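This report considers a loop residue, a nonpolar core and a pocket in turn. The sequence and the model are shown first.

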Amino acid sequence: MKLSEIKNHLAQLKTIAFQLPDGSLVQEHFHVTEVGEVTKHFIDCGGTVRHEKVVNFQLWSANDYNHRLHPEKLVKIIELSEKTLGMGDLEIEVEYQGDSIMKFGLDFDGETFLLTSKQTDCLAKDKCGIPEKKKVELVGLATKATSCTPGGGCC
């Protein structure tokens, strides 16, 4: 999800909720302690230099159980960050404290922001000897299992 998208969603909400991939919710008294732009300048295992930029939200829960971050307040925090840091309309990455700092992608189901699992990947599979997975069209494949008839001997 991009920064413009979360602002559009927030404009339609009365409350904010974030759901973890396991279905549990981030405690409703969470804080957004950081909104920033993170730049990653790196070289992949194939020798290609790469640059990535994301907007980072850090969610944190304290023991102030009556705290509630309202949608309009989060929009103001985002807009201040955009203005002060000169952030573009970038993809959002969310940090949240679990057993360690966990990083998530962000999606929205119409009511709740969904923290989506992120995976590592090799960016230079062609140089590492890792074969690409090929998609196979299964429509139209006839096998004994799909054309089995009573008494046909396929079972």
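A124 lies in the loop that links β6 to α3 (125-128); the model is a predicted one. With a relative accessible area of 3%, A124 counts as buried, because that value is under 20%. Neighbours within four places in sequence aside, the contacts of A124 are D44, C45 and G46. Although 78 residues separate A124 from G46 in sequence, their C-alpha atoms are 5.2 Å apart in space.

The largest nonpolar core comprises 29 residues, and I6 and F113 have the most contacts inside it. Two or more residues of this core come from each of α1 (3-10), β2 (30-43), β3 (49-61), α2 (71-85), β4 (92-97), β5 (101-108) and β6 (113-116). Residues up to four places away in sequence not being counted, F113 touches I6 itself, as well as M1, H9, L10, L13, I16, A17, F18, Q19, L106, D107 and F108.

The largest pocket has a volume of about 600 Å³. Its lining consists of 20 residues, of which K40, E52, E93, K118 and Q119 are the closest to the pocket centre. At least two lining residues are supplied by each of β2, β3, β4 and β5, and β2 makes the greatest contribution, with four residues. The lining of the largest pocket divides by class as follows.

| Class of lining residue | Number in the largest pocket |
|---|---|
| Nonpolar | nine residues |
| Polar | three residues |

Conventions:
Residues numbered from 1 in each chain as written. Predicted model: local features only at pLDDT ≥ 70, side-chain atom pairs only at ≥ 80, totals over all residues. Heavy atoms only, no water. Core = buried A, V, L, I, M, F, W, Y, C linked by side-chain atoms within 4.5 Å. Buried < 20%, exposed > 50% of the residue type's maximum accessible area, 1.4 Å probe, protein only. Contact = heavy atoms within 4.5 Å. 1 Å grid on protein atoms, 1.4 Å probe; cavity = no way out; pocket = protein on both sides within 12 Å on 5 of 7 lines; lining within 4 Å. Points joined across faces, edges and corners; volume = space filled by probe spheres on them. Nonpolar A, V, L, I, M, F, W, Y, C, P; charged D, E, K, R; others polar.
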